[in-house]
Amino acid sequence: MNVISDLRIISIRAEKCNFEWNVNYSGNIEHNHDLSFSVNILINTEDDHKGIIRLGCNVNEEDDSEYPFAISLVMMGEFYTSDKPFEEYVVNAISLLFPYLRTYVSTLTSMSGVEPLIIPAINIYELLEQNSTNNVEGTE
């Protein structure tokens, strides 16, 4: 029995990142943060074994003095599989990409003069269910 996945990472990178310090914030830096996630799945129309996942995270996106900072981040992962279409590996691809997003946010916050923000684990199936409308697109 072969337990090694055929899913291969071609590349992972931060596609977009924005950190904004809230100069109007006057509360405690150690704060409960408002987190939201998005996922966009792109499957190559010429080769269904190739795909791209864009995993987005917004931290404290409300423009409000309630939060010390805001982050908007999109991590992009390009993947390839040789045995089955990429669509069958979407959950695995998101699971591979998520730790990169968590590490990026943790590092970014620690280097910005605040306690590192450790994003908790998420349920990938619920994330996909919440983002199920129009999240699968074709790409060349």
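## The nonpolar core

The largest nonpolar core holds 29 residues. Those with the most contacts inside it are Val 39, Ile 41, Ile 53, Leu 55, Phe 86, Ile 94 and Leu 101. Several elements give two or more residues to this core: the strands β2 (35-44), β3 (50-59) and β4 (69-80), and the helices α1 (90-111) and α2 (124-130). The largest share comes from α1, with 8 residues. Keep in mind that this is a predicted model.

Take Leu 55 as an example. Which residues does Leu 55 touch, leaving aside its neighbours within four places in sequence? Its contacts are Ser 38, Val 39, Leu 73, Val 74, Met 75, Ile 94, Leu 97, Phe 98, Leu 101 and Leu 127.

## A hairpin in the sheet

Val 39 stands opposite Leu 55 in β3. Val 39 and Leu 55 are also in contact. Both are on the list of residues with the most contacts inside the core.

The strands β2 and β3 form a hairpin, with 5 residues between them. They pair in the antiparallel sense over 9 bridges. In a regular strand, side chains alternate between the two faces of the sheet.

## The whole chain

The protein chain has 2 helices and 5 strands. Along the sequence, their pattern is β-β-β-β-α-α-β.

How much of the chain is buried? Of its 140 residues, 37% are buried. The accessible surface comes to about 8,300 Å², and carbon and sulfur atoms account for 45% of that surface. Contacts also span the sequence. Among those between residues at least 6 apart, 72% join residues at least 24 apart.

## Two salt bridges

Side chains of opposite charge can pair when their charged atoms come close. The structure holds 2 salt bridges. In one, the side chains of Glu 78 and Arg 13 meet at 3.3 Å, N to O. This pair links distant parts of the chain: Glu 78 is in strand β4, Arg 13 is in strand β1, and they are 65 residues apart. Are these two residues buried or partly exposed? Glu 78 is partly exposed, at 24% relative accessibility. Arg 13 is partly exposed too, at 40%.

Glu 15 forms a salt bridge with Arg 54. Here the closest N and O atoms are 2.8 Å apart. Glu 15 has a relative accessible area of 38%, so it counts as partly exposed. Arg 54 is partly exposed as well, at 26%.

How many disulfides does the structure hold? The number is 0. Cys 17 is partly exposed, because its relative accessible area is 32% and the range for that class lies between 20% and 50%. Cys 57 has 1% relative accessibility, so it counts as buried.

## An exposed loop residue

Asn 32 lies in the loop between β1 (8-21) and β2. Why does Asn 32 count as exposed? Its relative accessibility is 69%, and exposed means over 50%.

Asn 32 also shows how sequence and space can part ways. Asn 32 and Leu 117 are 85 residues apart in sequence. In space, their C-alpha atoms are 9.9 Å apart.

Definitions and conventions:
Residues are numbered from 1 along each chain as its sequence is written. This is a predicted model: local features need pLDDT of at least 70, side-chain atom pairs count only at pLDDT 80 or more; totals for chains, interfaces and linings use all residues. Side-chain values use heavy atoms; hydrogens and water are left out. A nonpolar core is a set of buried Ala, Val, Leu, Ile, Met, Phe, Trp, Tyr and Cys residues joined through side-chain atoms within 4.5 Å. Buried means under 20% relative accessible area, exposed over 50%, partly exposed in between (1.4 Å probe, protein chains only). Helices (H or I, at least four residues) and strands (E, at least two) are DSSP runs, numbered from the N terminus. Contact means heavy atoms within 4.5 Å. Two strands pair if DSSP finds at least two bridges between them. Accessible areas come from the Shrake-Rupley method with a 1.4 Å probe; for residues, only the protein chains shown count as cover. A disulfide is a pair of cysteine sulfur atoms within 2.5 Å. A salt bridge is a side-chain nitrogen of Lys or Arg within 4 Å of a carboxyl oxygen of Asp or Glu.
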